[in-house]
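Let's take a walk through this model together, one packing arrangement at a time. Have the 3D view open as you read.

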Amino acid sequence: MSFIEAKDLVHEYIMRDEEGNVEGVQVALDHLDLNVEQGQFIAVLGHNGSGKSTFAKHLNALLMPSEGTLYVGGMDVSDENLTYDIRQTAGMVFQNPDNQIIASVVQEDVGFGPENIGTPTEEIWERVEKSLRAVGMWAYREHSPNRLSGGQKQRVAIAGVMAMEPKCIILDEPTAMLDPDGRKEVLAAVHELNKTKGVTIILITHYMEEVVDADYVYVMDKGKVVMEGNPTGIFSQVETLKEHHLDVPQITMLAHELKQEGLPLRDGILTREELIQEIDRICH
Amino acid sequence: MLREITLGQYYPADSPIHKLDPRTKLFTTMIYIISIFCFKGPVAFAVITAALAMVIYLSKVPFSYMVRGLKTIVFILIFAGILNLFMTPGRELVSFWKLTISYEGAKNASLMLFRMIYLIIGTSVMTLTTTPNQLTDGLEAALKPMKKIKVPVHEIAMMMSIALRFIPILIEETDKIMKAQMARGADFESGGLIKKTKAMIPLLVPLFVSAFRRANDLALAMEARCYSGGEGRTKMLPLKYENRDRITYVISIVYLVAICVLRRFPF
């Protein structure tokens, strides 16, 4: 069994009027199938309203499936007795860094999760130190979160999740509210955790550039997985991506246009270096 | 402009008062408040003054910081003082025009002024030497017995600390909304009280909407981190009594007893 296994997953948002009668049903997840292996770096792509955030909330048992099954680390998310175990296994980082920091001192915020699960005091301090060091925020442990930049706040939020020692971290558009520098900072921290600590990462985003280094990519649209594969494979299908309202990275776009103009480039060029190499190859 | 407001007037310093357990400080402050309302006679007054001076000296907080708290109530002090001075009937002390100051009036007014001033200074020693977080922790621990009568002590403390965390964020947001509304021609400055109050509506509505959105996000984030109320939670910074706390308890009880005994001998 895979670490995360979604089968025929359906989630419907039911809209009710004041008397509680059903006014309408919006299908956010439509028979979704998805598998993630332990230790992978997975990216889930999709434009607004594709159901990617709804899916993320299922992984953390914040939402329950309407139909179908979802197993996280072998645990069924529909089982309410397992809710807290699931939340410990799969931690979640949200979009707005301000709205997920609870305490007014960095280290106390990181300690919030372990406090909730009843970790002994000494171990809390060990975990806080380990997680803050892992995201490079140890020097700021006594600062107020209000004085940090967006990227730093988001790293504190990641440390807060790390302190619960999860096997998997789900990041729901963690960079959407950050400037380019903050974005790089956060992604570097996430990749570091994936490589050195072997934490499974599920990165939910609509920025193509962030997907380039992932192990495997799922593209969602209208609550379904419409494309999947490694980044090179996904980005070689520029036209299909456009159909799903997604842009490709600028370099990939450039390579694609050059190819259409007749240059014999290969598909799925993701970085500037790759493009330079390809052009070099053609010239010789 | 709103950003300059700082909340919680904690003054960081390395002093024996700062190191005390917040519960000890809460208890001592209570004792102190009782003492300034029940003492009698000049000797007791001297004892209170000496105790307060000692604590201020030990706290290493500049005296000007304590006086700062008085500024906000100067008007109330003057008003209450004047009322007490002229309105208390009794033996005539001075009399001019239609106003009479009685002997009792002068005594009442000075007593009242002294009590108010000592109250403010005494309590600000506590807020100046205790961080807001310690204060909420202390309150939670001190109010724990109330749990038996179903007072949601942990929830109240959690709400207080979250409020402290979000006040600067909301102030910043108010600033932003204000500027956005001003850019579109809103006027917050001119007009009378009613016009000014009305002008606040386009500020308050978006602020409330955003506060609710933030609250929703925060609740989700707390749930995602396994928060499930006060049951089964451990503390990162558990409150622990040290020897200095025990000594402080003893001293403050002796102090209260002394004040009460002095009531019997009103020198």
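Two strands count as paired if DSSP finds at least two bridges between them. Keep that in mind as we go, and remember too that this is a predicted model.

Chain A has an open sheet of 6 strands here, in the order 6-7-8-3-9-10, and its pairing is mixed. At the edges sit strand 6 (90–93) and strand 10 (224–229) of chain A, each of which pairs on one side only. From one strand to the next, the twist averages 20°. Helix 6 (residues 150–162) of chain A packs on this sheet, where it touches strand 6 and strand 7 (168–172) of chain A. The direction of helix 6 of chain A makes about 165° with that of strand 6 of chain A.

Next, move over to chain B for a pair of helices. Helix 3 (residues 42–59) and helix 11 (residues 243–264) of chain B pack with their axes 9 Å apart, at an angle of about 160°. Because of that angle, helix 3 of chain B is roughly antiparallel to helix 11 of chain B. Their crossing is left-handed.

Which residues make the contact? Helix 3 of chain B brings V43(B), A44(B), V47(B), I48(B) and A51(B), while helix 11 of chain B brings Y255(B), I259(B) and L262(B). By class, the residues of this contact divide into 8 nonpolar, no polar and no charged.

How values were computed. Residues numbered from 1 in each chain as written. Chains lettered and ligands numbered in written order. Predicted model: local features only at pLDDT ≥ 70, side-chain atom pairs only at ≥ 80, totals over all residues. Heavy atoms only, no water. Axes fitted to C-alpha atoms, helices over the stretch in contact; angles between N-to-C directions. Helix = DSSP H or I, 4+ residues; strand = E, 2+ residues; numbered from the N terminus. Parallel < 35°, antiparallel > 145°, perpendicular 65-115°, else oblique. Left-handed = near helix turned anticlockwise from the far one by under 90°. Contact = heavy atoms within 4.5 Å. Nonpolar A, V, L, I, M, F, W, Y, C, P; charged D, E, K, R; others polar.
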